[in-house]
Amino acid sequence: MSLEVSLQHQFPRFALDVSFSAPEGVTVLFGRSGSGKTTVVNAVAGLFRPQSGRLVLQGECLFDSQQRLTVPSHRRRMGYVFQEGRLFPHLTVQQNLKFGRWFAPRDADLVPVERVVTLLGIEHLLKRKPGALSGGEKQRVAIGRALLSGPRLLLMDEPLAALDEPRKAEILPYLERLRDETRIPILYVSHSLAEVGRLATTVVILENGKIVRSGPAAEVLSDPEVVPTLGIREAGAVVAAKVLQHHDDGLTELSVSSGRLLLPQCQAAPGSELRLRILAHEVILSLKPPEQISALNQLPATVISIHEGSGPGVIVVLQSGTDRLLARLTRRSAQALALAPGTLCFAIIKSVAIAQRDVGTSGSPLDPFE
Amino acid sequence: MNGLSPEEWEAVRLSLQVALWATLVSLPLGIGVAVLLARTHFRGKQLLNGLVHLPLILPPVVTGYLLLMLFGRRGPLGAFLEEAFGVVIAFRWTGAALACGLMGFPLMVRAIRLALEAVDPKLEQAAQTLGANRFLTFVLVTLPLILPGIVAGAILSFAKAMGEFGATITFVSSIPGETQTLPSAIYALLQVPGGESGALRLVLVSVLIAFGALAASEWLAQSVARRISGS
């Protein structure tokens with residue numbers, strides 16, 4: 001189950017030239033607006049024909065400019081979730097959901113409608129028309145419609161961008177369940193690092209039509225070289241964690257590879273696995289085990305490398321257990337502590353720094369769609 | 001007011017028949033031409049656009065005369081139709097329907113084209129990614145969405161056909177019971193002394209039919225819009 005992409009197209013103002021592969025799970029195309037993300041997804045869907053390139057999905061060639069081969073959009077069997085939903089206004093939610101099913105081939109591996117309806121929590125909307133739905137409801141129906149067409153790949157072009165924060169928070173858990181409970185690979189366009197940290201298995205970073213970096217999410221996000229692209233305030237590592245127990249004072253104890261963390265307001269049940277995003281500017285370094293300090297979370301770490309930019313700050317890459325962390329310090333503090341590769345230190349993380357919306361559940365072994 | 005005479009009833013019936021056929025036959029053509037003009041690019045598109053609009057700018061008498069030259073029994077198309085199918089159009093009610101349909105065609109195409117241009121092509125793209133080919137996309141998505149425009153176009157064409165005079169009288173004359181529609185009957189009555197009261201009755205009937213068509217189109221458009229918005 002994978003998608004191989006190689007596309008080149010010369011636009012009047014910029015050139016698109018990308019090659020990457022999207023394995024199982026969620027591959028996030030990340031980049032600023034205008035970096036070419038949507039063009040790539042449209043080319044994969046067959047809505048845009050690039051000047052040259054090749055697309056292969058599960059061994060089937062969908063587009064090959066050298067062989068002059070283009071499989072038309074309606075035969076590609078991709079579930080596309082658009083930014084604006086694009087529900088058919090004249091059909092009910094139920095008819096919208098079943099639209100793609102009318103055309104799915106008989107041998108398609110179709111998910112039962114009831115299961116998707118339950119997964120997305122849209123039972124009560126089935127008889128309504130899209131005009132009577134809220135933005136979040138529309139987007140859930142759009143996701144269901146794409147999923148029910150029996151797709152071999154799901155394409156999602158910033159499905160949350162048009163929504164406000166509460167609506168985003170409403171839909172993200174459904175996307176996580178989708179990632180964890182179906183085997184369909186997802187190509188997901190986003191310019192929000194919070195979404196990347198929460199959903200991505202693989203990250204492809206685009207800038208001006210070119211790929212800056214691509215690879216497994218934890219690796220790419222903790223790579224100091226991509227910090228300038230991601231934006232210094234958003235830089236941070238993604239760490240896997242397991243819920244140990246909930247304490248009476250509202251804090252939840254989690255274990256990570258190098259120790260334990262305390263996190264406020266976490267609803268996940270003990271034993272469940274989470275992904276935490278730890279922002280670089282929320283990490284403080286200390287050479288000694290800190291005492292009498294308000295921050296609750298301390299992890300032992302080893303400095304791997306120190307990256308200097310043009311400004312007064314530096315990014316320190318740390319190995320903590322099997323995880324990588326990023327810390328953003330001033331150059332002056334780095335010198336005062338005499339930090340160098342190999343230095344043993346303690347990473348102090350303010351527990352408030354682990355924002356709830358950045359906490360995602362990671363893949364669970366159970367798969368109700370099998 | 002006393003009732004209509006049999007001849008007057010005949011004019012009303014004939015007018016409705018002519019307008020209905022003119023509308024029904026030109027509707028699929030109108031949708032096709034509107035799709036060509038709104039959604040495709042080809043050489044000669046401007047020429048087609050000009051031809052469609054020609055009846056709107058030419059004097060109706062000129063359109064009628066051109067029809068007579070083409071479809072008259074000695075005209076190239078008229079002779080062909082009579083030889084090949086035994087169909088005669090000139091001076092028959094079918095000829096009146098042809099003239100009326102032609103005069104209403106630009107109005108119909110315009111209404112449907114406007115509706116087509118208001119449909120977001122992104123919805124059609126969405127249908128394609130869901131597996132619908134171009135034809136099914138048109139039938140399942142585009143057509144239902146332009147239904148208000150089609151209704152409006154059909155009503156406009158029908159109203160135009162009910163009132164068409166110049167092209168009809170030039171092409172098929174004004175034969176009572178065969179080609180004498182409401183406007184030509186009114187005109188004929190005004191030409192004879194004492195015909196004013198009959199003309200007045202037919203004028204009233206015309207006004208009633210026009211208002212009826214308008215009300216029907218309003219009601220249709222609203223019920224279609226309600227179905228689409230789902231409120």
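Is helix α4(A) mostly covered, or are its residues left open? Let's find out by clicking through this predicted model, in which local features need pLDDT of at least 70, side-chain atom pairs count only at pLDDT 80 or more, and totals for chains, interfaces and linings use all residues. To find your way, residues are numbered from 1 along each chain as its sequence is written, while chains are lettered from A and ligands numbered from 1 in the order in which they are written.

**Stop 1: helix α4 of chain A**

Select residues 135-148 of chain A, which make up α4. The helix is mostly covered, with 12 of its 14 residues buried. Here, buried means that 20 or more other C-beta atoms lie within 10 Å of the residue's own; 12 or fewer makes a residue exposed, anything in between is partly exposed, and C-beta atoms are placed from the backbone. Helices (H or I, at least four residues) and strands (E, at least two) are DSSP runs, numbered from the N terminus.

The buried set includes A:Glu137, A:Lys138, A:Arg140 and A:Arg145, along with A:Val141, A:Ile143 and A:Leu147. To see what covers them, show β7 (78-81), α2 (93-98), α3 (113-120), β8 (153-157) and α5 (165-181) of chain A, which are among the covering elements.

Now check the length of α4(A): its end C-alpha atoms are 20 Å apart, in agreement with the 20 Å that its 14 residues should span at 1.5 Å a residue. That expected span is 1.5 Å times one less than the number of residues. Just after the helix, click A:Gly150, which takes a positive phi of about 70 degrees.

**Stop 2: A:Arg177**

Next, pick A:Arg177, in helix α5 of chain A. A:Arg177 counts as partly exposed because it has 15 C-beta neighbours inside 10 Å.

**Stop 3: the whole of chain A**

Zoom out. Chain A has 9 helices and 21 strands. Its radius of gyration (taken over C-alpha atoms) is 22 Å, close to the 21 Å that the globule rule gives for 370 residues, so chain A is as compact as a globular protein of that length. The globule rule is 2.2 Å times the number of residues to the power 0.38. Along the principal axes, the C-alpha atoms fill a box of roughly 65 × 50 × 35 Å, and buried residues make up 46% of the chain.

**Stop 4**

Select A:Val18 in strand β2 (residues 15-22). With 23 other C-beta atoms within 10 Å, A:Val18 is buried. Beyond residues up to four places away in sequence, A:Val18 touches A:Val5, A:Leu7, A:Val40, A:Leu206 and A:Ile211. Two residues are in contact if their C-beta atoms, placed from the backbone, lie within 7 Å.

Which residues have the most contacts inside the largest nonpolar core? They are A:Leu155 and A:Val316, in a core of 160 residues. Such a core is a set of buried Ala, Val, Leu, Ile, Met, Phe, Trp, Tyr and Cys residues joined through C-beta atoms within 7 Å. Helix α5 (residues 93-118) of chain B gives the most to this core, with 16 residues. Around A:Leu155, leaving aside neighbours within four places in sequence, the contacts include A:Val41, A:Val44, A:Met78, A:Tyr80 and A:Leu187.

**Stop 5: chain B**

Chain B comes to 10 helices and 0 strands. Its C-alpha atoms fill a box of roughly 70 × 45 × 30 Å along the principal axes, and 39% of its 231 residues count as buried.

Select α1(B), residues 6-39: the helix reaches 48 Å from its first C-alpha to its last, close to the 50 Å expected. Look for the bend of about 40 degrees at B:Leu27, with a proline, B:Pro28, following within four residues. The bend is the angle between axes fitted to the seven residues ending there and the seven starting there. Buried residues of α1(B) include B:Leu14, B:Val18, B:Ile31 and B:Val33.

**Last stop: where the chains meet**

Show both chains: 18 residues of chain B are in contact with 21 residues of chain A. On the chain B side, α6 (121-129), α7 (134-163) and α10 (196-229) each supply at least two residues, and α6(B) has the largest share, 6 residues.
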